[in-house]
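Subject: Structure handover

Hello,

The structure is below, followed by notes on what was found in it. Please read them with the coordinates open.

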Amino acid sequence: MISAAAMSSRLIWSAVFAVSIVLCVALAAPPMRPAYQGHTPPLLPRLEVVRALGAPIHHLVTDYYWIQTIQAVGKAKTPAEHRDIFDYANMVTDLDPRFRQVYVFAGVSIAYPLRGRWLNAEESTRLLEKGLQHFPDYVYLRIMLAYNLSTFHRQYERAAKIVEEASRMPEAPPYLAGLATRLHAQAGNFDAGLEFARSLAESADEPETRELFERRVKELELERELSQVDAAVQRYLQRVGSLPPGVEALVRAGDLSHVPEDPLGGDIEVDATGRSYSTAQQKRLTDFARANMEASP
Amino acid sequence: MIREFGALTLNGFREARRNRVSVVVAVFTLGLLLSSTLVTDVTVYTFQRVMSDVGLGAMCLTLVLLAIFLSSGLLSREIERRTIFLVVSKPVSRALFIVGRLAGNMLTLAVLLVMMSVVFFTQVALYGLPVTAPQLVAAGMLWVELLVISSVGFAMSSFASQLVSAVVTTGVYFAGHLSADIYSLAGRSSSVFIQWLGKGIYYLLPNLARLNFRPQASYELMTPAVDIAKSAAYGVGYAGVMVALAVFVFSRRDFK
């Protein structure tokens, strides 16, 4: 037999339970998104805190932020959102610098093209440089960094050095050595390019490869002549106010010491824009460098 | 003595079973299945690594929490419930009692670890991924880590309440994983006293990072067997020190 007091207590608690359930169900809602007030960068915890609290499950915590990086790449539409990828990727690589995939995956996703300019290029390069510190033998990472340096920062000399080092690695694709010589030419560093091309020609096992680099030596020598003609054209233009009618005019005016010889057997001439070229070559060596970087994997 | 030890060990295991510890495996399995389904959807070309980290990480978190809960409350609960009188009145030494209870605890954790590993490795195989030797090493060495944590919990439980034991053991667990940082940070100090203090704390705390082979499992790096054996021996040695301390303290306690 249940007493009246027990009965009323049971009724009260049943009512409390029912009301609470109704409240919970009625007020249940998906996570609220704050009203849009411009872009807010990701609010990441301090690295030291994450390291201390996540020490026993370090890799699980790292993977959590790696998944956040992937999500950031997936939803990035604006330059600021592309910049956020760097924050996440930087956090992941601070937590686990040996997480190789993050450098390449995020490295290509951070830079954002806008009206002919590349935004976030600094961050992209910083992440790739960080990757190179930990993976100096990773050829693909070197190619990506060289691409950033030559395309975004116009640092052809550094790009050439990075690609040249990569071309000596066992798993380097064969085109890298050629690309390094072109980047040297682009940087105006003909001596380094020539030295590298000559050593490649001498050490080549196959006759085709040797022939290719022997031609590259000539192309580099030609590019050196062409750059001297270009400089002479500029001097002539500044002094006279018009372009020279030909290379001979430059020699007559004293801007060139002699008529340059084309190592490829053609003639060196000056086009309507004042840029020199060889009749033996469709495109100048430096014209290839950037196109090749963009075509690389 | 062997008979009494066996009885104490099995009793500890039965008690854990009565406390429904098998629910832990069910929760782990469900969590693992759900998380790996999510992970498959949101990860790109690192699925194997993330899968390994999630599985081994979840196993570690679940079992460490359970080890702290089981070890820190065992002796103090016996004393509070006064069931200790039943044991001390029998021809069983207090040392044997402690070792037997710890063995029961470790048997429970070993059974759970094996069951979780079976679930995890089955899932890995079902996803068509290889079960690697570093993953097996990581799972195996987790038991040694649990042994160290349990022994610390036991040592604390021999003289402190369950709450205090659990809090201190949790602290030791985190500090044990950061002991190398304490060592290197202290080394950077200009004060010789701080340097020695840091080194002292480092050697006093269990070096749990040494027993953590989960990063190697992520990168599929095989550790030489000698190093694994040395780490395991270190863990067993540290647990031995803690158990001996627990025996010393527990033997001197007056339960009147």
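Helix 9 (residues 175-187) and helix 11 (residues 207-240) of chain A have axes that cross at roughly 10°; angles under 35 degrees count as roughly parallel, and the two helices are therefore roughly parallel to each other. Their axes come within 10 Å. On the helix 9 side of chain A, the contact is made by A:Gly178, A:Thr181 and A:Ala185; helix 11 of chain A contributes A:Arg216, A:Leu220 and A:Glu223. By class, this contact has two nonpolar, two polar and two charged residues. Bear in mind that this is a predicted model.

Next, the contact between the chains. Here 20 residues of chain B are in contact with 15 residues of chain A. On the chain B side, the elements that give two or more residues are helix 3 (47-80), helix 7 (162-187) and helix 9 (214-218) of chain B. Helix 3 of chain B has the largest share, with six residues. The residues on this side of chain B divide into 12 nonpolar, six polar and two charged.

One single residue is also on the list. B:Ser191 sits in the loop between helix 7 and helix 8 (192-204) of chain B. Is B:Ser191 buried or exposed? A residue counts as exposed if 12 or fewer other C-beta atoms lie within 10 Å of its own; B:Ser191 has 10 such neighbours and therefore counts as exposed. B:Gly31 is 160 residues away from B:Ser191 along the chain, and their C-alpha atoms are separated by 48 Å.

Regards

Conventions
Residues are numbered from 1 along each chain as its sequence is written. Chains are lettered from A and ligands numbered from 1 in the order in which they are written. This is a predicted model: local features need pLDDT of at least 70, side-chain atom pairs count only at pLDDT 80 or more; totals for chains, interfaces and linings use all residues. Axes are lines fitted to C-alpha atoms, for helices over the stretch in contact, and angles run from 0 to 180 degrees between N-to-C directions. Helices (H or I, at least four residues) and strands (E, at least two) are DSSP runs, numbered from the N terminus. Angles under 35 degrees count as roughly parallel, over 145 as roughly antiparallel, 65 to 115 as roughly perpendicular and the rest as oblique. Two residues are in contact if their C-beta atoms, placed from the backbone, lie within 7 Å. Ala, Val, Leu, Ile, Met, Phe, Trp, Tyr, Cys and Pro count as nonpolar, Asp, Glu, Lys and Arg as charged, and the others, Gly among them, as polar. A residue is buried if 20 or more other C-beta atoms lie within 10 Å of its own, exposed if 12 or fewer, and partly exposed in between; C-beta atoms are placed from the backbone.
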